[in-house]
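Hi,

Here is the structure I promised to send over.

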Amino acid sequence: MQDDAQDGDARPEVRRQSGAPLIPAYVLGCGGAGIACVREAKERIATFLGAPRPDGPDDPQLPDLLQFHGLDTVPWSSSEDVARLRPSEYTPLGGFNAGMVIDTMRRSQDTEGRARRYREIQRWWDSDIDPGVVSQGARQIRPIGRLAFYYGFRQFQRAFHDKLDRLRGIAAREEAERQGYEVLARTGEMKVYVITSLCGGTGSGMFMDVAAWVRHVLQDQARLVAVLLMPSVFTLAIDADVQRRRIQANANAALKELEYLQRSPDAWRFAFPGEGELNDVRRLFDRIYLVERENQNLETGDSETLSRPEQVYQLVGQQLALELCTELGKRFWERDANVHPEHDARGGGWSIYSGFANTAVRLPTDAHRRQELARLRADCLATLLDAPELDHEKRRAIGEQAQALLRRLDDVLRPDVFEDAAARSDARLAEALEAIAEQARSYRDPRRLEAYVGEL
């Protein structure tokens, strides 16, 4: 359930949900689309948990057991439509002359062709393209996105381990439990989501390297989940056939590489700057979500075609919120632990692909609140028709009526969105009703008073 602010109203303040399930997670977005999904996930998780927002509606305070991180080749920026990533949650990997890096690598080769500079990049760079200056994206060229990750690896590494220390710390778990959350994992265990589009250059080029380092560090203490956005998410927003074919080619290449790694994990050795070759990456992902723009119920066959990429980002954010902080997610992961990966007899590797669909009930809570408060005022005025002077018994009766109304609303909407109404209960209700009674006394003509009540 999500709030739908109307008529320019501010987002209603929500109270923290006591006893809410919480699965420790590191949510990482690669590239622009991946970061957009991370922001949507952060927004929806904050709504589900009732996170406070003392620094503004776009900056919820969430437990340290949930860490959010974005990697991109453009500078950090912020918009206020959904929860933003703070500067500490964003690692910019652009702002360097990639062409000079490649030129330096080539000029540093010895007589046997081995580079003395950027040797880890030489292992896989076989492109004749001129990457130029990387500052505003990777131009939908996957090797440039991967190059940016290797060039900025140390920067990513520092940010990753800082967030990991926060997430895995005993203090983070104790604080979450003190706040009333039901933490659903042993200390140190977590879920890691790597979210990206397969269509561009930045995220599509680096996400497998990102996963390799995460797997190297965490091994079996984390379940790695890839959330991969397919070309259909973007094709409706692209007019040029050339660009449409390019993103499809990028996705095809990325999926082939991913499938190869999932089936033959020992065949591709990762080596990062200052770390040498990783020999302990047996598989990248435990689960792989392929996300199209179809949101379909497989049982009924009903489907909805999402018309804009932003709607797909919301779909992804909603899915992560469901998996990480709801009873539904709690049951899902309990059952998932008993499901063994399919073992391909031909390749002998791990291959776990799936999709998801979800929906959310969007209720206009602010409008509903105003409607119910108007009904409360109308009921009060109707009571005052026969008794303009509000005696103690009438006040008590109206107070009980107001409380009954609020209890009735509890069955439909969260009670915390009715703070204005709840604030009128008890002592403040008497003050509010006195004001209503005074207004009612000014309408000596019952017909005018009935008209006023109907207007409310």
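Predicted model: local features only at pLDDT ≥ 70, side-chain atom pairs only at ≥ 80, totals over all residues.

Let me start with a charged pair. Glu112 counts as exposed, because its relative accessibility is 60% and the cut-off is over 50%. Its salt-bridge partner is Arg114, with the closest N and O atoms 3.0 Å apart. Arg114 is partly exposed, at a relative accessible area of 47%.

The chain has a mean pLDDT of 80, and 69% of its residues reach 70 or more. Confidence is lowest in strand E1 (residues 2–3), with a mean of 38, and highest in E3, at 98. Two stretches to treat with care: residues 442–446 have pLDDT below 50 and three contacts beyond near neighbours in sequence, while residues 452–456 stay under 50 with 10 contacts beyond four places in sequence. Where pLDDT is low, the coordinates should not be read in detail.

In H1, Arg44 and Glu40 sit four residues apart, about one turn of the helix, and their side chains meet at 2.4 Å, N to O. Are these two buried or exposed? Arg44 is buried at 8% relative accessibility, and Glu40 is buried too, at 9%. In H2 (residues 98–107), Arg107 and Asp103 are also four residues apart, and their salt bridge is 2.8 Å, N to O. Here Arg107 is exposed at 58%, whereas Asp103 is partly exposed at 38%.

Back to H1 itself: the helix covers residues 31–49 and reaches 27 Å from its first C-alpha to its last, close to the 27 Å expected. Of its 19 residues, 18 are buried. Gly50 follows H1 and has a positive phi, near 70°.

Now for E3 (residues 25–30), where six of the six residues are buried. Ala25, Val27 and Gly29 point one way from the strand, and Tyr26, Leu28 and Cys30 the other way. E3 runs parallel to E4 (residues 66–72), joined by six bridges, and Val27 stands opposite Phe68 there. E3 also pairs in the parallel sense with E9 (residues 190–197), again over six bridges, where Tyr26 has Val192 as its bridge partner. Together, E3, H1 and E4 make a right-handed β-α-β unit.

Cheers

Key. Residues numbered from 1 in each chain as written. Heavy atoms only, no water. Helix = DSSP H or I, 4+ residues; strand = E, 2+ residues; numbered from the N terminus. Expected span 1.5 Å × (residues − 1). Buried < 20%, exposed > 50% of the residue type's maximum accessible area, 1.4 Å probe, protein only. Pairing = 2+ DSSP bridges. Right-handed = clockwise from strand over helix to strand, strands pointing away. pLDDT = per-residue confidence, 0-100. Contact = heavy atoms within 4.5 Å. Salt bridge = Lys/Arg side-chain N within 4 Å of Asp/Glu carboxyl O.
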